[in-house]
Amino acid sequence: MNRKATGDYAEQLACGYLERHGLQLLTRNYRCRRGEIDIVMRDGDSLVFVEVRYRKQVHFGHAAETVSRIKQSRIIHCARYYMNIHHSWNEPVRFDVV
């Protein structure tokens, strides 16, 4: 499986897992000028921005540890853009790494 297919499969698994735990899918692969958010979901009254990371092995750290400050900055920028476009500034927000 190539890298894109592996990433798509990991996102599909993560999305299914989160939906089984009561979250509602709003969109996948949301793009803006400075980045992308893998999955945007709703958990009750909260918006949840999900970064999906896949690691074959954890010898060099867990997947969540691979989200650099630069990647965090891009996710935050994209989340702000999403919230502006969808008029959701008054909603609680959460950032998850799966």
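Two strands count as paired if DSSP finds at least two bridges between them. Strands here, like helices, are DSSP runs numbered from the N terminus (E, at least two residues, for strands; H or I, at least four, for helices). With that in hand, look at β2 and β3, which pair in the antiparallel sense over five bridges.

A quick word on what you're looking at: this is a predicted model, where local features need pLDDT of at least 70 and side-chain atom pairs count only at pLDDT 80 or more, while totals for chains, interfaces and linings use all residues. Residues are numbered from 1 along each chain as its sequence is written, and side-chain values use heavy atoms, with hydrogens and water left out.

Now zoom out to the sheet. It's an open one of four strands in the order β1-β2-β3-β4, with mixed pairing. β1 (24-32) and β4 sit at the edges with a single partner strand each, so one side of each has no neighbour in the sheet. From one strand to the next, the twist averages 25 degrees. Helix α2 (residues 69-85) packs on the sheet and touches β1, β2, β3 and β4 (contact means heavy atoms within 4.5 Å). The direction of α2 makes about 115 degrees with that of β1; axes are lines fitted to C-alpha atoms, for helices over the stretch in contact, and angles run from 0 to 180 degrees between N-to-C directions.

Back to β3 (residues 46-51), which also pairs with β4, this time in the parallel sense over five bridges. Along that pairing, Phe49 has Phe95 of β4 as its bridge partner, and Glu51 stands opposite Val97. Six of the six residues of β3 are buried, so the strand is largely enclosed by the rest of the structure. Buried means under 20% relative accessible area, exposed over 50%, and partly exposed in between (1.4 Å probe, protein chains only). In a regular strand the side chains alternate between the two faces of the sheet. In β3, Ser46, Val48 and Val50 point one way and Leu47, Phe49 and Glu51 the other.

Asp38 and Phe49 are 11 residues apart in sequence, and 7.7 Å apart in space, C-alpha to C-alpha.
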